[in-house]
Amino acid sequence: MATNGVNGNHSKGNAAVEDIVIVGGSLGGLFAGVALKYHGYNTIILERTPQFLLENQGAGIVAGGDTIKFFEKYDRSEKPCAVPSFKRIYLNQKGDIIHEEVNRQNMTSWDLAYYLLRANYDRVDSAYLEGGKLPEVRDGDGKVDYRYGCTVTSLEDEGEYVTVHFKRKLEDDSEVENSLKTKLLIAADGPSSTIRALFEPEIEREFAGYCVIRGTVPETEASQEALDVFRERFCFFHAPGIQNLTYTIAGKNGDTTPGNRLLNFVWYANFPEGSEELEKIMTDKDGRRRRITIPPGMISWDAWELLKSKAVERLPPQMAEMAHKSKTPFVQAITDVISPKNLYMSDKVVLVGDALAGFRPHTVASTSQAAFDVMSVADWLDGKIDRTQFVKQVMQYARLIQYRGKYIGNRSQFESREVREYIDDRNMMSIPRWDLEYPEWTQKGLDSI
Ligand SMILES: Cc1cc2nc3c(=O)[nH]c(=O)nc-3n(C[C@H](O)[C@H](O)[C@H](O)COP(=O)(O)OP(=O)(O)OC[C@H]3O[C@@H](n4cnc5c(N)ncnc54)[C@H](O)[C@@H]3O)c2cc1C
């Protein structure tokens, strides 16, 4: 039985009171669940979504270094999770290639990563496992429990334990109050984290002055001109107030076979706070003004017409084509948020992933951060690193990437620069985490956490 530096022993296989509670059952929560299961810890995931499976937004994620590392270390499904891109290319507005460089990068899709993690955590079988297998149970694995429809509302410090209060949704839509005791709670409840807000009520997500419009188009529906620049390439376009990147991701059920994949576009456009256009874009088809996200299928006809006409006016033709052909686009307001600390309640509460720091998507590091935070928690629990090292590595990374995301995002959206400078910015974000150099300020105050 492993002992550890965090509140003593978290036990492998004992009473429920010893189970580690994870709040949030998206990628961050599942990274935590899978890593801890395979390290022998019992876990309970509390996810507020009332369905057994989270709804796929059908969009791509760039699988950064730590996402790949996580799957290499823990995945037992043996299903490839990424589509490689071999080149980065930059287009001008006419759609001509103005710069290209060899640069391998891995792209995956949110749903493929999600289903592989569910297969590893609670052995959810799905078509995403085709070409791989349902992971086997091994001696020494921790017990797992994925509870959906459970919204955590508050925490109570009880010395050695923390009591987690949550509302559980029943099938008839009624709710019951429930609670659990744990010695360790991992908060993976995303950028609008309830847990973070309990400790840092004044920290809020701040709108950055622009939105991202996202969507996918099947390879088979794209023109030859579009395939020529997007297939297995990471393709960029910059213009004042605009950035667009498009790349190939896995298709239906995680299919990475050429011809069955999707082209994924990510288009940043400025919409100033208070502007009429922002109101139009962020008001869904039912007339509800949403603060952060218009999910797939909810964009209003007016807003989509406005965006499509902007696409034709401002984007290279291959990228405008993606906007026109996408059937389920969605919009997200870009925000910044970071917590000053990752440990609370005498180390019984740990923030990870977007709950700790919600990065701008230009960093292509959100999922990687969640994977890194969780692998760091596992190392801390197993005594491979001490508390000081744990806090330092996680917080310095969160601070640096958050700062860089704001820096490159603002340069790209609000300044007019030579393409070369944007290329340099992008290349800066591709430095592997283990090669990063941390400025002095990223350490400030960490000793007192
Ligand atoms: C359904 C979904 C689809 C996504 N699709 C994409 C995508 O296509 N491309 C992309 O780049 N990124 C996507 N993301 C974001 C991406 O997962 C994250 O940026 C990154 O992986 C870090 O994940 P996270 O688990 O820290 O945060 P998140 O992914 O935001 O997950 C937080 C989870 O916590 C749950 N939660 C929040 N509050 C509570 C509470 N009080 N009690 C219990 N549970 C709570 C939420 O329902 C959510 O499942 C998606 C996120 C979600 C939730």
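Q: Where is Leu 356 found?
A: Leu 356 is in the loop between strand S18 (349-351) and strand S19 (357-358). Helices (H or I, at least four residues) and strands (E, at least two) are DSSP runs, numbered from the N terminus. The model is predicted: local features need pLDDT of at least 70, side-chain atom pairs count only at pLDDT 80 or more, and totals for chains, interfaces and linings use all residues. Residues are numbered from 1 along each chain as its sequence is written.

Q: Leu 356, buried or exposed?
A: Leu 356 is buried, because 27 other C-beta atoms lie within 10 Å. A residue is buried if 20 or more other C-beta atoms lie within 10 Å of its own, exposed if 12 or fewer, and partly exposed in between; C-beta atoms are placed from the backbone.

Q: What does Leu 356 touch?
A: Ser 339, Asn 342, Leu 351, Asp 373 and Ala 398, not counting residues up to four places away in sequence. Contact means C-beta atoms, placed from the backbone, within 7 Å.

Q: And what separates Leu 356 from Trp 110?
A: Their C-alpha atoms are 20 Å apart, and the two residues are 246 residues apart along the chain.

Q: Which sheet has S18 in it?
A: An open sheet of six strands, in the order S6-S2-S1-S10-S18-S17, with mixed pairing. Strand S6 (146-148) and strand S17 (343-344) are the edges; each has a single partner strand, so one side of each lacks a neighbour in the sheet. Two strands pair if DSSP finds at least two bridges between them.

Q: How do S10 and S18 pair, parallel or antiparallel?
A: Parallel, over three bridges, with S10 covering residues 185-187. Ala 187 stands opposite Leu 351 in S18. Leu 351 is also one of the residues that Leu 356 touches.

Q: How many bridges link S1 and S2?
A: Four, in the parallel sense. Val 21 stands opposite Ile 44 in S2.

Q: Which residues are buried on the two faces of S1?
A: Ile 20 and Ile 22 on one side, Val 21 and Val 23 on the other. Both faces are covered. In a regular strand the side chains alternate between the two faces of the sheet.

Q: What does H1 lie across?
A: Strand S1 (20-23), S2 and S10, and H1 runs at about 170° to S2. Axes are lines fitted to C-alpha atoms, for helices over the stretch in contact, and angles run from 0 to 180 degrees between N-to-C directions.

Q: Switching to the ligand. Which residues come nearest?
A: Gly 24, Ser 26, Gly 28, Gly 190 and Gly 353, out of 30 residues around the ligand. Here a residue counts as near if its C-beta atom, placed from the backbone, lies within 6 Å.

Q: Which elements supply at least two residues of that shell?
A: Helix H1 (27-38), strand S2 (43-47), strand S7 (150-158) and helix H9 (366-381) each do.

Q: How do the shell residues divide?
A: Into 12 nonpolar, 13 polar and five charged. Ala, Val, Leu, Ile, Met, Phe, Trp, Tyr, Cys and Pro count as nonpolar, Asp, Glu, Lys and Arg as charged, and the others, Gly among them, as polar.

Q: S7 came up there. What sheet do S7, S8 and S9 form?
A: An open, antiparallel sheet of three strands in the order S7-S8-S9. S7 and strand S9 (175-182) are its edges, each pairing on one side only. Neighbouring strands are turned by 20° against each other on average, direction ignored.

Q: How many bridges do S8 and S9 pair over?
A: Eight, with S8 at residues 161-169. Thr 163 stands opposite Lys 181 in S9.

Q: What is the phi of Asp 173?
A: About 80°, positive although Asp 173 is not a glycine. Asp 173 lies in the loop between S8 and S9. Asp 173 counts as exposed, with 8 C-beta neighbours inside 10 Å.

Q: And what is phi for Val 364?
A: Near 40°, again a positive value in a residue other than glycine. Val 364 sits in the loop between S19 and H9. Val 364 is buried, with 24 other C-beta atoms within 10 Å.

Q: Last one: how many helices and strands make up the chain?
A: 11 helices and 19 strands. The radius of gyration, taken over C-alpha atoms, is 22 Å, close to the 22 Å that the globule rule gives for 449 residues, so the chain is as compact as a globular protein of that length. That rule is 2.2 Å times the number of residues to the power 0.38. Buried residues make up 45% of the 449.

Terms used:
Two residues are in contact if their C-beta atoms, placed from the backbone, lie within 7 Å.
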